[in-house]
Amino acid sequence: GVMTDRPLSPERGQIMALLVYNELTDFPALNGADFSFAEVRAASLARQLRLNGAALRFSNFDRELLVDAEFNGAHLEHARFRNADINYTRFDAGELPSISGGDPLVIHTQLSGTDFSGALLKHVSFNAARGFGVNFDRGVLHNVTFTNADLAGSTFRNTIFGVVDFTGANLKSVDFDGAIVFDETFLDTVAAQAAPDSFVRDRFELSPAPEAFPAHPRWSDAWLDGLEDKTPYQIRRVKEFE
């Protein structure tokens with residue numbers, strides 16, 4: 001008899017959609033606004049949304065189209081972007097000016113438990129974001145950067161990777177099992193880029209898998225600038241997490 005698996009607020013989603021429809025897209029100007037648990041259902045979100053620093057915990061953006069949006073420094077714990085189409089969007093750390101005139105205060109985007117499963121992410125950045133157990137399973141990631149991000153315990157199972165950058169990222173206990181890549185040196189590159197002692201290279205193996213890409217549920221959406229014409233490889237986890 002349960003209609004939803006957790007409480008959501010369509011009203012908060014409708015308020016957000018109404019603001020966007022009226023071109024009020026700079027949400028930080030709404031000081032103190034809280035859109036946690038918002039159920040967002042609006043085709044008009046394909047605009048220049050500015051959600052920097054916004055409170056969006058447990059919000060739901062499933063299947064939405066987001067283009068040129070900013071979530072820098074936002075609170076997105078347990079938010080959902082499942083099967084969303086996210087383009088040219090930033091989840092980077094933000095900054096607040098110091099009231100004492102010193103260095104700006106860095107505000108990290110909070111992503112613990114955030115669900116991007118099945119999502120298509122292109123030209124998206126998560127630089128210096130912080131999140132434990134972020135879910136990217138079965139998605140497509142191309143031209144995505146995770147520079148200095150903390151992704152401990154996150155999952156990329158059965159994810160299609162185009163070009164990604166994990167420079168300085170904490171990849172402790174991250175799972176790439178079943179991921180599809182088009183570069184046989186992918187795992188070595190990740191090991192070289194990741195934060196020291198955070199990625200266990202010999203936990204994974206990689207082998208050619210020509211049938212893996214066309215069998216993926218989002219293969220037809222995975223335009224990877226020609227990479228998809230190369231031989232696909234599939235990652236397999238061969239050791240358990242300690």
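Student: What pattern does the chain follow when read along the sequence?

Tutor: This is a predicted model. The chain has three helices and eleven strands. Read along the sequence, these elements follow the pattern α-β-β-β-β-β-β-β-β-β-α-β-α-β.

Student: What percentage of the residues in the chain is buried?

Tutor: A residue counts as buried under 20% relative accessible area. The chain exposes about 11700 Å², of which carbon and sulfur atoms supply 51%. Among the 242 residues in the chain, the buried share is 48%.

Student: Which residues have the most contacts inside the largest nonpolar core?

Tutor: The largest nonpolar core has 53 residues. α1 (10-21), β5, β6, α2 and β11 each supply at least two residues of this core. A second, separate core of eleven residues includes L120, A209, L224 and L227. In the largest core, the residues with the most contacts are F71, F81, F116, F126 and F166.

Student: Which residues does F116 touch, if those up to four places away in sequence are not counted?

Tutor: F116 is one of the residues with the most contacts inside the largest core. A contact requires heavy atoms within 4.5 Å. With residues up to four places away left out, F116 touches F81, I86, F91, L111, L121, F126, V134, N135 and F136.

Student: In which sense do β5 and β6 run, parallel or antiparallel?

Tutor: Five bridges join β5 to β6. The sense in which β5 and β6 run is parallel.

Student: Which residue in β8 stands opposite T145?

Tutor: β6 pairs with β8 in the parallel sense over two bridges. β6 also pairs with β7 in the parallel sense over two bridges, and there the bridge partner of V140 is I160. In β8, the residue opposite T145 is D165.

Student: Why is the pair of F146 and F166 stacked?

Tutor: The structure holds 30 aromatic pairs. In the pair of F146 and F166 the ring centres are 5.1 Å apart, and the pair is stacked because planes under 30 degrees apart meet that criterion. The angle between the planes of F146 and F166 is 5°.

Student: How many residues apart in sequence are the parts that F146 and F166 tie together?

Tutor: F146 is buried at 0% relative accessibility, and F166 is buried with a relative accessible area of 0%. F146 lies in the loop between β6 and β7, and F166 in the loop between β8 and β9, so the pair ties together parts whose separation in sequence is 20 residues.

Student: Which arrangement, stacked or edge-to-face, do F156 and F166 adopt?

Tutor: F156 is buried at 0% relative accessibility. F156 lies in the loop between β6 and β7 and F166 in the loop between β8 and β9, so the pair ties together parts that are ten residues apart in sequence. The centres of F156 and F166 are 5.9 Å apart and the planes stand at 90°. The arrangement of F156 and F166 is edge-to-face.

Student: What distance separates the closest N and O atoms of D137 and R157?

Tutor: The structure holds 13 salt bridges. One of them links D137, in the loop between β5 (120-125) and β6 (140-145), to R157, in the loop between β6 and β7 (160-161). D137 is buried with a relative accessible area of 4%, whereas R157 is partly exposed at 34%. The closest N and O atoms of D137 and R157 are separated by 2.8 Å.

Student: Which residue of the salt bridge between D175 and R237 is buried?

Tutor: The side chains of D175 and R237 meet at 3.2 Å, N to O. The pair links the loop between β8 (164-165) and β9 (180-181) to strand β11 (residues 233-237), 62 residues apart. R237 is partly exposed, with a relative accessible area of 23%. At 5% relative accessibility, the buried residue is D175.

Student: With which residue does K239 form a salt bridge?

Tutor: K239 is partly exposed, with a relative accessible area of 41%. The closest N and O atoms of the bridge are 3.1 Å apart. K239 lies in the segment after β11, and the partner lies 37 residues away in the loop between α2 (186-193) and β10 (204-208). The salt-bridge partner of K239 is D202.

Conventions: Residues numbered from 1 in each chain as written. Predicted model: local features only at pLDDT ≥ 70, side-chain atom pairs only at ≥ 80, totals over all residues. Heavy atoms only, no water. Salt bridge = Lys/Arg side-chain N within 4 Å of Asp/Glu carboxyl O. Helix = DSSP H or I, 4+ residues; strand = E, 2+ residues; numbered from the N terminus. Buried < 20%, exposed > 50% of the residue type's maximum accessible area, 1.4 Å probe, protein only. Areas by Shrake-Rupley, 256 points an atom, 1.4 Å probe, with all protein chains shown as cover. Core = buried A, V, L, I, M, F, W, Y, C linked by side-chain atoms within 4.5 Å. Pairing = 2+ DSSP bridges. Phe/Tyr/Trp six-rings, centres within 6.5 Å; stacked < 30°, edge-to-face > 60°.
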